[in-house]
Amino acid sequence: MAEVVGIERNDSGPLKVSRKNGVMYLEFAAPPAHVLSLETIGLLHARLDEARADADVSVVVLCSSGKVFCSGHDLKEMRAHRGDNDGGRAFLEELFRRCAEMMKAIPAHPKPVIAAVDGIATAAGCQLVASCDLAIASDRATFCTPGVNLGGFCSTPMVALSRNLTPKHAMEMLLTGEMVDAAAARDFGLVNRVVPPEYLNQVVRKYAETIASKSSSAIAYGKRAFYRQLEMPLAQAYDFASEIMVEGFLTDDACEGMTAFLEKRDPKWTGD
């Protein structure tokens, strides 16, 4: 993805940060593989927490530059701990626990998180794409869950995949470990749109800034309700959603939105 010019940029470490027009861009910056090391997982989780608390941030975009979006966990880091007294068990338990907590923080985040994928997304990198609320890919992006090729199984990526893809498409990726191109990823339900690489930045920015222009309170309770109702039986989901609709249309922003529509003017959101 082309470089985003924001009002703030932090180029230190494996994660670059920039902000522009209500959007926080988090760019993987540990080429060539952009691995999810224990350090990177911690930094990414911390930045997500920062975005949660920042009233000037309405949307988060995850992106990278180069041929790889994110290649998943750092295999060198994992293998190095095989020499530990416990064979690496304690390290692996901490790694996968902290990664799972970071992944769970994305759908639980009050602000939409968008993946902009212009390259390879494998293993936990593919899991990260599946965990985001939206995913836009260039037509040269590819996706893979290669655990079976390494003598293991992508069990934690499986959780996010099985909640986005059809069961058979998820199993296809998990059982074969083969690369899936961007068009197939779109058909499987892993990504929303596929665009030429030269338009990826533009399309992602349009999505992000469009969402950022909406009522922050409506986006927050709407996103929260979306994920909660998915876990409910149909009748319970409708009862729950009806309550959310009532509460939502009693907010100040809803009153302002309806008034602005009737008066044919742009709304002025307060987030209340």
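Residues are numbered from 1 along each chain as its sequence is written, and side-chain values use heavy atoms, with hydrogens and water left out. Because the model is predicted, local features need pLDDT of at least 70 and side-chain atom pairs count only at pLDDT 80 or more, whereas totals for chains, interfaces and linings use all residues.

Select Pro-32, which sits in the loop between strand 3 (23-28) and helix 1 (38-53). Helices (H or I, at least four residues) and strands (E, at least two) are DSSP runs, numbered from the N terminus. The peptide bond from Pro-31 to Pro-32 is cis, with omega near 5°. Phi of His-34 is near 50°, a positive value in a residue other than glycine. Most residues other than glycine have a negative phi, and most peptide bonds are trans.

Two strands pair if DSSP finds at least two bridges between them. Strand 9 (residues 142-144) pairs with strand 10 in the antiparallel sense over 2 bridges. Select Thr-142 to find its bridge partner in strand 10, Asp-181.

**Helices 9 and 10**

Select helix 9 together with helix 10 (residues 234-248): their axes come within 10 Å and cross at roughly 170°. Axes are lines fitted to C-alpha atoms, for helices over the stretch in contact, and angles run from 0 to 180 degrees between N-to-C directions. The two helices are therefore roughly antiparallel to each other, the term for angles over 145 degrees. Tyr-221, Ala-225, Arg-228 and Gln-229 in helix 9 meet Ala-237, Phe-240, Ile-244 and Gly-248 in helix 10.

**The largest pocket**

Centre the view on Pro-107, Ser-131, Arg-163, Asn-164 and Tyr-227, which lie nearest the centre of the largest pocket among its 33 lining residues. On a 1 Å grid over the protein atoms alone, where a 1.4 Å probe fits, a pocket is an open set of points with protein on both sides within 12 Å along at least five of seven lines; lining residues have an atom within 4 Å of a point. About 900 Å³ of space lies in the largest pocket, a volume being the space filled by probe spheres set on the points, which are joined across faces, edges and corners. Helix 9 gives the most to this lining, with 7 residues.

**The second largest pocket**

Finally, select His-73, Leu-75, Met-78, Gly-147 and Leu-150, which lie nearest the centre of the second largest pocket, lined by 23 residues. The volume of the second largest pocket is about 540 Å³. Helix 2 (75-80), helix 4 and helix 5 each supply at least two residues of its lining, and helix 5 gives the most, with 3 residues.

Conventions: Angles under 35 degrees count as roughly parallel, over 145 as roughly antiparallel, 65 to 115 as roughly perpendicular and the rest as oblique. Contact means heavy atoms within 4.5 Å.
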